[in-house]
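Please open the structure in a viewer and keep the selection tool at hand.

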Amino acid sequence: RAGLVTFWNLGYGLSLTGDIAINILFTSYKLRYRADSENGGVLTTNAFNASTKNRFLRPWAEMGLGMSWGTYFQKERLHFSLSAEYEFHALWNENMIAAYDLRLGNFIVKPNDLYIHGATFAARFDF
């Protein structure tokens with residue numbers, strides 16, 4: 001993981017925060033498929049049985065931008081802060097649902113990108 005985290009003090013306890021990072025994600029999938037068939041009223045088990053294990057390295061990017069406010073009290077021994085941040089994550093070729101066909105032994109469609117984003121709110125008390 002490599003990235004940059006910034007914290008800009010605006011005065012009066014207000015701060016602007018931002019971060020950006022790139023990650024390399026290792027994933028491992030073990031896929032199994034078993035199909036039973038019926039032949040003349042007799043159930044044939046394991047008519048098709050296959051499994052495979054795939055491993056991938058994928059890039060993952062994340063960004064965030066937010067604001068925070070904090071103050072010290074009790075002769076600067078205690079600290080209280082509130083923060084809000086909006087984050088965005090992009091995982092390329094990560095969505096593997098229904099992308100691999102064991103009978104063919106290959107991807108039938110290219111894995112889709114996965115995007116996650118949302119707001120994070122936090123309250124913090126340091127002593």
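In this tour, contact means heavy atoms within 4.5 Å. The model is a predicted one, in which local features need pLDDT of at least 70, side-chain atom pairs count only at pLDDT 80 or more, and totals for chains, interfaces and linings use all residues. Residues are numbered from 1 along each chain as its sequence is written, and side-chain values use heavy atoms, with hydrogens and water left out.

Select Asn 23 to begin. Asn 23 belongs to strand 2 (residues 14-39); strands (E, at least two residues) are DSSP runs, numbered from the N terminus. Apart from neighbours within four places in sequence, Asn 23 has contacts with Arg 1, Arg 58, Pro 59, Trp 60 and Glu 62. Asn 23 counts as buried because its relative accessibility is 8%; buried means under 20% relative accessible area, exposed over 50%, and partly exposed in between (1.4 Å probe, protein chains only).

What joins the side chains of Glu 62 and Arg 1? They meet in a salt bridge, at 2.8 Å from N to O. This pair links distant parts of the chain, with Glu 62 in strand 3 and Arg 1 in the segment before strand 1, 61 residues apart. A salt bridge is a side-chain nitrogen of Lys or Arg within 4 Å of a carboxyl oxygen of Asp or Glu. Glu 62 is buried, at 12% relative accessibility, whereas Arg 1 is exposed, at 73%.

The whole structure holds two salt bridges. For another, select Arg 124 and Asp 126, whose side chains meet at 3.0 Å, N to O. Arg 124 is exposed, with a relative accessible area of 51%, and Asp 126 is partly exposed at 26%.

Finally, select Trp 8, Leu 10, Leu 14, Leu 16, Leu 65, Met 67, Trp 69 and Leu 82, which form a nonpolar surface patch with about 770 Å² of accessible area together. Patch residues have over 30% relative accessible area and no salt bridge; like charges are joined within 9 Å, nonpolar side chains (Val, Leu, Ile, Met, Phe, Trp, Tyr) within 5 Å. Accessible areas come from the Shrake-Rupley method with a 1.4 Å probe; for residues, only the protein chains shown count as cover. Strand 1 (2-11), strand 2 and strand 3 (42-73) each give two or more residues to the patch, and strand 3 gives the most, with three.

Notes:
Helix = DSSP H or I, 4+ residues; strand = E, 2+ residues; numbered from the N terminus.
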